[in-house]
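Please read the following walk through one protein chain with its sequence and structure open beside you.

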Amino acid sequence: MKKIPTWFKGVLIILAVYLFAFQPIPFYIESPGTAFGLDEMVEVDQQFSEDPGEFYITTVGIQQATPMTALTSVRPYRDLISEQELFGDVEDFHEYDIIQQYYMNSSGNTAIQVAFDAADMDYELQYNGVYVLQVLEESDFADDLAVGDTVQAVNGQRFQSSHDFIEYVSGLEVDDTVEIEFEHEGELRTATGDLMLLESGVPGIGIGLVDNTSLSTNPHVEIHSGEIGGPSAGLMFSLQIYKQLIQEVIPKEHKIAGTGTIAPDGAVGRIGGIEKKIVAADKEGAEYFLAPDDEIPEEVLKVFPETISNYEAAVETAKAIGTEMEIIPIENFADALEFLEQLEAEQAAQGQMKKNSVSHTLDDFEKEVALLEHPAS
């Protein structure tokens, strides 16, 4: 039997090591991300905050797995998830990233709205059209529309909300030919096609959609989120913007992290991966973490009886990692402001106690000096 050359064995070993260490597999690793300070991300009236104390947003890290990194999912707070679990109906990471950026931008706009409402300041909400989150393969517009496009008109009709858009299109007939106007990567385009029958039983273009809106404010607000995506920074953005609008030193010298979506009425919503965000905030040295105190619907509990709120999951994680960071339950923006007011009151009380202590010490010192100068007989 012919002996296998040594060099060939070496090549096989190198190839095996490469495949094990670097070959991507159709899974992703979710792990604790980073905590980012908002003083460097939120700009109001062309100025960043320079006040002591800071708010932080927290992230979940996502990286495509290799056979080697997949093994690390046995470690705490590292999960191996499939492409289907991560992307859902989205085709690839590029589309996923586009959608996450939309959610970040939308969350930022809502945060501005909430902050301006709380500061009793005016703003103008502008409806830009229907943002495309998904395009069905069987749609006549599948070759024209892409995830991230904005449909601005149908048959020349423009709308003030996605509700009006859906109402108009569903009032037409299946196979009716329509012309749409849409924006693709900054370029205005038109396309013509027939309506299809949707699963809901009504005619439609064949897209998943949400409102695409923007805000005009004075002072102007700019959020520099970079490549961070998703809607979970809404609560913390709204607090940071409010802090800069009212020009008060909030949160004084404290480091406060948190997470949660924000609705126009100030309601704070549930997010994913809060356990990993607790770990990220603890590594940053945050003293407090604002966590959504969401109520789990009964229908969800019937199917998934072990489901707990974000706040409960955050408390469990904080205990598990032994952090001194305090977890604060938040249901809405007003709850967050109330917590900050309580924190400010506590800090003021502690400051007064220190002041009184120093005053007493000085008084005692002066008495001692007086006794030395005039000793009792």
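Helix α4 is followed by Asp120, whose phi is positive, near 60°. The model is a predicted one, in which local features need pLDDT of at least 70 and side-chain atom pairs count only at pLDDT 80 or more, while totals for chains, interfaces and linings use all residues. Residues are numbered from 1 along each chain as its sequence is written, and side-chain values use heavy atoms, with hydrogens and water left out.

Helices (H or I, at least four residues) and strands (E, at least two) are DSSP runs, numbered from the N terminus. Helix α4 covers residues 93-118, which is 26 residues. From first C-alpha to last it reaches 37 Å, close to the 38 Å expected at 1.5 Å a residue; the expected span is 1.5 Å times one less than the number of residues.

Now consider the aromatic rings. Rings of Phe, Tyr and Trp (its six-membered ring) pair if their centres lie within 6.5 Å; planes under 30 degrees apart count as stacked, over 60 as edge-to-face and the rest as tilted. By this rule there are 12 aromatic pairs. In one of them, the ring centres of Phe93 and Tyr96 are 5.7 Å apart and the planes stand at 45°, so the pair is tilted. Phe93 and Tyr96 are 3 residues apart in helix α4, and are therefore separated by about one helical turn. Together with Tyr28 and Phe87 they form one aromatic cluster.

How exposed is each? Buried means under 20% relative accessible area, exposed over 50%, and partly exposed in between (1.4 Å probe, protein chains only). Tyr96 is buried at 15%, whereas Phe93, at 39%, counts as partly exposed.

Gly322 follows α9 and has a positive phi, near 70°.

Finally, the whole chain. Its secondary structure comes to 10 helices and 18 strands. The C-alpha trace spans about 110 × 80 × 45 Å along its principal axes. Buried residues make up 41% of the 377 residues.
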